[in-house]
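Let's take a walk through this fold together, starting with the overall plan and ending with a few individual residues. Keep the viewer open as you read.

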Amino acid sequence: MKRLSLLLLVSFILFSFSGPFDGNKTLSESFYKASMEKSFREVFHESMENLNSDSPLAIAYLGASKAMLAETVSNPYSKYNYFVDGKELIEKAIKLDPNDAEIRYVRFMIQSHTPAFLGYSNETKEDFERIVLELTSSQQSAIWVSDLRAYLISSKSSFILPES
């Protein structure tokens, strides 16, 4: 019973997360907004730092928030440290739950925005294939799927999601 209560609490936090920015934002909506708006990245990062969850999905979003902070600072050393810290957290989340399509979405989005010289774009195809596999094998209509579609269209990406 205690374990079930903890699971329900974590699920509630993850799926109804709201930060100081908008009471109705989920983690994926906040992540997508931060990925598209540099001015929102610090707010998103602060919210992720305050979440204090050990779930693989929360770890992935925390890693993404750190990686995105690299674009908000001017010191090259700080940029690199934010990026490396974020990358390590995302990879930790993947190791904890390699089949979670939303975690793969997070890594896909970060790798899609990472400069090639940093060498962190090797798994975009693998992640995209995992996402498509998940979408075609389930009736998932998560918010992050809509965000991914919007990103793929706006970026004129060569990746194409199947229609749901």
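Of the 164 residues in the chain, 40% are buried. Among contacts between residues at least 6 apart in sequence, 55% join residues at least 24 apart.

How far can you trust what you see? The average pLDDT of the chain is 78, and 74% of the residues score at least 70. Among the elements, helix H5 has the highest mean pLDDT, 96, while helix H1 (residues 2-15) has the lowest, 34. Over residues 1-24 the pLDDT stays under 50, although the model has 25 contacts beyond four places in sequence for this stretch. Where pLDDT is low, the predicted coordinates should not be read in detail.

The largest nonpolar core has 39 residues, and Phe 31, Tyr 61, Tyr 105 and Leu 148 touch the most other members. Helices H2 (27-36), H3 (41-51), H4, H5 (76-96), H6, H7 and H8 (143-154) each supply at least two residues of this core. The biggest share, 9 residues, comes from H4. In soluble globular proteins, nonpolar side chains tend to be buried together.

Of its 14 residues, 13 are buried. Does its length agree or disagree with what a helix should span? At 1.5 Å a residue, the 14 residues of H4 (residues 56-69) should span 20 Å, and the end C-alpha atoms are 20 Å apart, so the two agree.

Leaving aside residues up to four places away in sequence, Tyr 105 touches Phe 31, Tyr 32, Tyr 61, Ile 131, Trp 144, Asp 147 and Leu 148. Ring pairs also link Tyr 105 with Phe 31, Phe 44 and Tyr 61 into a cluster.

A search of the whole structure finds 5 aromatic pairs. One of them joins Phe 108 and Phe 128, which are tilted, with 5.6 Å from centre to centre and 40° between the planes. This pair links distant parts of the chain, since Phe 108 lies in helix H6 (residues 101-113) and Phe 128 in helix H7 (residues 124-137), 20 residues apart. Phe 128 counts as buried because its relative accessibility is 7%. A ring also takes part in a contact of another kind: the charged end of Lys 33 sits over the ring of Phe 40, 4.5 Å from its centre.

Finally, two loop residues. Thr 26 is in the loop between H1 and H2, and because its relative accessibility is 15%, Thr 26 counts as buried. Asn 52 is in the loop between H3 and H4. Is Asn 52 buried or exposed? At 69% relative accessibility, Asn 52 counts as exposed. Asn 52 also has a positive phi of about 50°, although it is not a glycine.

Technical notes:
Residues numbered from 1 in each chain as written. Predicted model: local features only at pLDDT ≥ 70, side-chain atom pairs only at ≥ 80, totals over all residues. Heavy atoms only, no water. Phe/Tyr/Trp six-rings, centres within 6.5 Å; stacked < 30°, edge-to-face > 60°. Helix = DSSP H or I, 4+ residues; strand = E, 2+ residues; numbered from the N terminus. Buried < 20%, exposed > 50% of the residue type's maximum accessible area, 1.4 Å probe, protein only. Lys NZ or Arg CZ within 6 Å of the ring centre and 35° of its normal. Expected span 1.5 Å × (residues − 1). Core = buried A, V, L, I, M, F, W, Y, C linked by side-chain atoms within 4.5 Å. Contact = heavy atoms within 4.5 Å. pLDDT = per-residue confidence, 0-100.
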